Structures are given as structure tokens and as C-alpha cells.
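Please look at the sequence and structure before reading on.

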Amino acid sequence: MAFLDSAGLVVEDDVNCSIQRCRSLLWELCLGIHTTGFAAPTVEFGVHYTPLPYEAILEILAELVLDANDVFVDIGCGKGRVICCASRRLLRGVVGIEVNDALVQVARSNANRVRRRRTPISILPVLAQDYDY
């Protein structure tokens with residue numbers, strides 16, 4: 001449940017936040033990866049890293065019409081949560097683009113460890129505008 005605080009900002013209650021954290025940890029255990037946490041931007045106009053909830057990722061992936069000829073590209077893949085989930089589908093490839101070197105290393109480690117992967121994963125340390133789409 002969310003509510004407005006005295007400043008008019010939306011605040012999640014502690015119970016929902018705790019439930020979401022528990023769900024994330026269960027997914028992390030199931031997938032064999034570690035994608036939780038926060039990282040500050042490392043480039044001008046960059047944004048911080050904080051992962052989407054697994055429920056949102058799975059809903060988004062379910063809405064995409066992808067087949068074995070498609071390549072899924074995650075721009076700003078962070079630690080690789082989305083690409084690890086996408087790699088469990090049968091695709092031609094999954095590509096993660098990330099400019100933060102520390103996050104690239106974590107994403108590569110997660111890509112190597114993700115359980116039930118059906119698609120090869122590549123993590124590229126490039127700026128989004130420099131990737132050849």
C-alpha cells in the first residue's frame with residue numbers, strides 16, 4: 001500500500017517494501033544471481049543503478065513478441081537482472097549495454113551464473129549511442 005506523506009510525496013509502507021525485497025531475494029536465489037543494490041552514475045547525464053522489481057520485468061517480457069530470430073538489447077543493463085531474465089527465453093541473443101565498468105563485471109558474472117539460460121548473453125561496455133543497433 002502506498003500513501004502520501006505530509007509533503008505530498010508517495011511513500012510505500014514498510015510491509016510492501018519488505019515483501020518486495022523478499023520476492024527479489026527469492027528470485028535471486030532461483031536464478032543464482034545477485035543484482036540488488038544501488039550504484040551512482042559514472043558518466044555525465046548518466047543515471048543511478050537500481051533494479052526493477054522482478055514482477056515488472058516478467059510482465060514486460062511477457063508482453064514482448066519475441067522469437068528465436070530476435071536479439072534482446074538492454075540499454076543500461078546494470079548488474080544484468082533484465083538480461084538474465086530475458087536469457088531464459090529462446091532467442092538469438094541477449095545483449096547488455098553498460099558504461100559503468102564495475103557493473104559490467106557484475107553483469108558478466110551474473111550472465112555466467114544464471115540458471116536455466118537458453119540464450120547466449122553478451123555484455124558490452126559501451127555508451128548507448130556508440131552501440132551498432
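Leaving aside neighbours within four places in sequence, which residues is Ser24 in contact with? In this predicted model, Ser24 is in contact with Tyr54 and Arg81 once those neighbours are set aside. The salt bridges number two, and Arg81 takes part in one of them, with Glu28.

**Ser24**
- Ser24 sits in helix H1, which covers residues 14-31.
- The relative accessibility of Ser24 is 10%, and a residue is buried under 20%, so Ser24 counts as buried.

**Salt bridge Arg81–Glu28**
- Arg81 and Glu28 form a salt bridge whose closest N and O atoms are 3.5 Å apart.
- This pair links distant parts of the chain, with Arg81 in helix H3 (residues 81-86) and Glu28 in helix H1, 53 residues apart.
- Arg81 counts as buried at 3% relative accessibility.
- Glu28 also counts as buried, at 6% relative accessibility.

**Salt bridge Glu55–Arg23**
- Between Glu55 and Arg23 there is a salt bridge, with 3.8 Å separating the closest N and O atoms.
- Glu55 belongs to helix H2 (residues 54-63) and Arg23 to helix H1, so the pair ties together parts that lie 32 residues apart in sequence.
- Glu55 is partly exposed, at a relative accessible area of 28%.
- Arg23 counts as partly exposed too, its relative accessibility being 45%.

Methods. Residues numbered from 1 in each chain as written. Predicted model: local features only at pLDDT ≥ 70, side-chain atom pairs only at ≥ 80, totals over all residues. Heavy atoms only, no water. Helix = DSSP H or I, 4+ residues; strand = E, 2+ residues; numbered from the N terminus. Buried < 20%, exposed > 50% of the residue type's maximum accessible area, 1.4 Å probe, protein only. Contact = heavy atoms within 4.5 Å. Salt bridge = Lys/Arg side-chain N within 4 Å of Asp/Glu carboxyl O.
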